[in-house]
Amino acid sequence: MAEEEIKNIDDVSAQDAEKTSAPAVDNIKQQGDNVPHWYVVHTYSGYENKVKNDIEKTVENRKDLQEKILEVMIPTEDVVKIVKGKKKVKSVPLLPGYILVHMINNDLTWYIVRNTRGVTGFVGPASKPVPLSEEEMRRFGVRPQQKIDIDVAVGDRIEAVSGPWEGTSGTVVSVNASKETVTITTDMFNRDTSVEIDLADIQKE
């Protein structure tokens, strides 16, 4: 993504941006490679937190989005100020008027993000989303994800060897390749309980 795109998109207004109707669920077209990437979204200045919260609430209320829009982030940096001889550290937006969205790019996710109140468009040619490169991700404080190759299938017995669920074992009931997690059922307080665990934290028993 060229840095000029971020500068030029400031001239785009919400009134001028293209609005479309929501795509039918059975008519969703894949725009990318079915792999989640980070995209830059332009918002009205001061609307960053509201846009982030609104997208997250939409995803929370719609199961069909939970494996497609994975994270919304506002890049920040710490600014040190000396006030009356005391040092104060304040986090401020690194890119005022922009947020980052980690998602699989298709008609539905584009529509949901683009039509969130306060959003004026994606950063890219003709407002078409362009994924961040790894260099740009590091610049904005996003850690590039390492692809985890682990042979786990529904029905396998696994144990969490690190992370918050370390020591927990159970049977795999689902595998989420996009989020790189598995859901297991495990016995907790004499009841079967579903637990989601990162692939990086598990091993087969």
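Colleague: How many salt bridges does the structure hold?

Modeller: This is a predicted model, in which local features need pLDDT of at least 70, side-chain atom pairs count only at pLDDT 80 or more, and totals for chains, interfaces and linings use all residues. Residues are numbered from 1 along each chain as its sequence is written, and side-chain values use heavy atoms, with hydrogens and water left out. A salt bridge is a side-chain nitrogen of Lys or Arg within 4 Å of a carboxyl oxygen of Asp or Glu. The number of salt bridges in the structure is four.

Colleague: Which residue forms a salt bridge with Glu56?

Modeller: Glu56 is partly exposed at 32% relative accessibility, a class between buried (under 20% relative accessible area) and exposed (over 50%), with a 1.4 Å probe and protein chains only. The closest N and O atoms are 2.8 Å apart, and the partner is Lys52.

Colleague: How far apart are the closest N and O atoms of Arg62 and Asp64?

Modeller: Arg62 is partly exposed, with 30% relative accessible area, and Asp64 is partly exposed at 29%. In their salt bridge, the distance between the closest N and O atoms is 2.8 Å.

Colleague: Which residue pairs with Asp156 in a salt bridge?

Modeller: The closest N and O atoms of Asp156 and its partner, Lys204, are 3.6 Å apart. The pair links distant parts of the chain, 48 residues apart: Asp156 lies in the loop between α4 (134-139) and β7 (157-160), and strand β11 (residues 202-204) holds Lys204.

Conventions
Helices (H or I, at least four residues) and strands (E, at least two) are DSSP runs, numbered from the N terminus.
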